[in-house]
Amino acid sequence: MTSSNTPLLDAVRVPEDLRQLDEKQLPQLADELRRETISAVSVTGGHLGAGLGVVELTVALHHVFNTPKDRLLWDVGHQAYPHKILTGRRDRIRTLRQAGGLSGFTRRSESDYDPFGAAHSSTSISAGLGMAVARDLSGDDNCIVCVIGDGAMSAGMAYEAMNNAGHLKSRLVVILNDNDMSIAPPVGALSAHLARLVSSRAYSRLRRFGKRVADSLPRFFREKLKLTEEFARSFWTGGTLFEELGFYYVGPIDGHNLDHLLPVLKNVRDMGNGPILVHVVTQKGKGYAPAEAAVDKYHGVAKFDVVTGQQAKSTANVPSYTRVFANALIRQAEKDDKIVAVTAAMPGGTGLDLFASRFPDRCFDVGIAEQHGVTFAAGLATEGYKPFAAIYSTFLQRAYDQVVHDVAIQSLPVRFAIDRAGFVGADGATHAGSFDVAYLSCLPGFVVMAAGDEADLTHMVATAAAIDDRPSAFRYPRGEGVGVDLPEEGIPLEIGRGRVLREGTTVALLSYGGRLAASLAAAEELDARGLSTTVADARFAKPLDTDLVNRLAREHEVLLTVEEGSTGGFGSQVLGHLATAGALDQGLRVRTLAMPDRFIDHGKPDAMVAEAGLDAAGIVGAVFAALGRDADATPLRA
């Protein structure tokens, strides 16, 4: 046995090493794992609070279950940093969310201990049930364990999965990580004892015996006995909702007490068929005083000083697009009491926390429930209110059917404020705002806009507020703006009209959204290389400014569209129009610059943009390629 004075984490390379430790050593290992997690995230930044809350649970799960043969799924992935340290990735943990480094989420290609990639919430039970059924069909006997937070349980997908699991009755263990005390009463020795009791083999045998006895009785008595047993157990332990969905409920238990966790997990590991839910109560940010004291429990942090908890601050003097949106919406709402705001569990991320501070009765956080949020906004619109649904581009994908069926088909004036449009840096492909232009522009009647700078974003908020006969959307990137002067108040734009910022004669750059500054920089270099360049800001993908497109096509040799979105988006709209108008038959050289047809890994945003060829250098290179010339052979003019 390893001495208690000897560091244990250094001896744990993979969970098999952890399973060789005595249970009495596990609290020490958990303490070391918590310190290592804090140290690593202080260097890289990332999601800290959730991981600190599951340190003991992570140790217990890998000690009890035979991972990776037993599948362990972490919902979302924010809580998986301790799991990564214990599964052969400690030597790379300080590359977390860095270019070429570890993902901030679980990722199948990264480790056999990550059986399912997770970044969007509430997927673990569905995926786990699929694995459980596959196991049953294959005749295997391994365990499937899903760890899902109480916030993720606000999404309908989790309940759809639980309902299906209750019906299929496959053996599946769901760990409900309740870190907000939103479900459970305070837990202690009594609840831990009861959880251990009801998960024990003896209780299971007694329950099966009671069922056999009840089955021999008339139906009336059989049903009454079943109700009596369920009531007695739920009276002491809770869990009636989960029982109704077909899960055997165990808990609540203290998720930081290994003496409580280990015996219960062993019991549920060895139980027979059917889905089981283990309710574990944890504290987000546990064990790190600055996180415990913070309102958000250090959910997401920049690099920080471990001793003080002080986070590195941005040196930018320019407001973020998110804050510009929030302030513009507040100004509109001050004039119009019909304006309301909807967010799906991201009030801080979308800036609606500022709106809620000003208008608490007109801001609605629906939880991690984008589908409900969109249809909820549609219902508000039917009654004459003006809902702004502020949702990240990547999360709006989760509610696409509702956007189509409940908003677009009914032509309801829901306004979608689409944050995090384009590359988002350290969160990588799962959180990139790639597809919204394509998936909204194909919908009849939609007004689809993109802000080229923060001043234009202010005007687009006012534009959306004024559109009252159809749905609209405007997208804007993550991070700081480009530093233009902001208007005191937004002025509604003319629908379907772009603007020309710079006139030239040979090359036309038609920018849509956040690549406008790069297009202007590219035009400077092209002019210096002897290519007179026009720069236009389309503003609208739908309705498209066809007059502007026609003029650019008619008056220039080369037309490039530039967007930080997927193929099938703005450039496709322009190409479709030019083909219909016959402009492509007249020798015009057209190129569409967009995100490449592949997912780009996490990294610095500027590096991701450059990799996609959407920075100024990439735009210049694309122009010369369209002309059949070598950019390097065309020097800058003196």
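These notebook entries record what I looked up in the structure.

**Ground rules.** I am working with a predicted model, in which local features need pLDDT of at least 70 and side-chain atom pairs count only at pLDDT 80 or more, while totals for chains, interfaces and linings use all residues. Residues are numbered from 1 along each chain as its sequence is written, and side-chain values use heavy atoms, with hydrogens and water left out.

**Strand S5.** Is S5 buried or exposed? I found 7 of its 7 residues buried, so S5 is largely enclosed by the rest of the structure; buried here means under 20% relative accessible area, exposed over 50% and partly exposed in between, with a 1.4 Å probe and protein chains only. I noted that Pro 275, Leu 277, His 279 and Val 281 point one way, that Ile 276, Val 278 and Val 280 point the other way, and that all are buried. In a regular strand the side chains alternate between the two faces of the sheet.

**Partners of S5.** I then looked up the pairing, which requires at least two DSSP bridges between two strands. Strand S3 (residues 172-178) pairs with S5 in the parallel sense over 7 bridges, with Val 174 bridged to Leu 277. Strand S4 (residues 248-254) also pairs with S5 in the parallel sense, over 5 bridges, and Asp 254 stands opposite Val 281. I recorded that S4, helix H12 (residues 258-270) and S5 make a right-handed β-α-β unit, right-handed meaning that, with the strands pointing away from the viewer, the path from the first strand over the helix to the second runs clockwise.

**Open sheet.** In which order do the 7 strands of the open sheet run? I read S7-S6-S8-S9-S11-S10-S15, with mixed pairing. Strand S7 (363-365) and strand S15 (540-542) are the edge strands, each pairing on one side only. Within this sheet, strand S10 (residues 447-450) and strand S11 (residues 472-475) pair in the parallel sense over 4 bridges, and Val 447 has Ser 472 as its bridge partner.

**Cysteines.** How many disulfides are there? Taking a disulfide as a pair of cysteine sulfur atoms within 2.5 Å, I counted 0. I also noted that Cys 146 is buried, with a relative accessible area of 0%, whereas Cys 442, at 49% relative accessibility, counts as partly exposed.

Technical notes:
Helix = DSSP H or I, 4+ residues; strand = E, 2+ residues; numbered from the N terminus.
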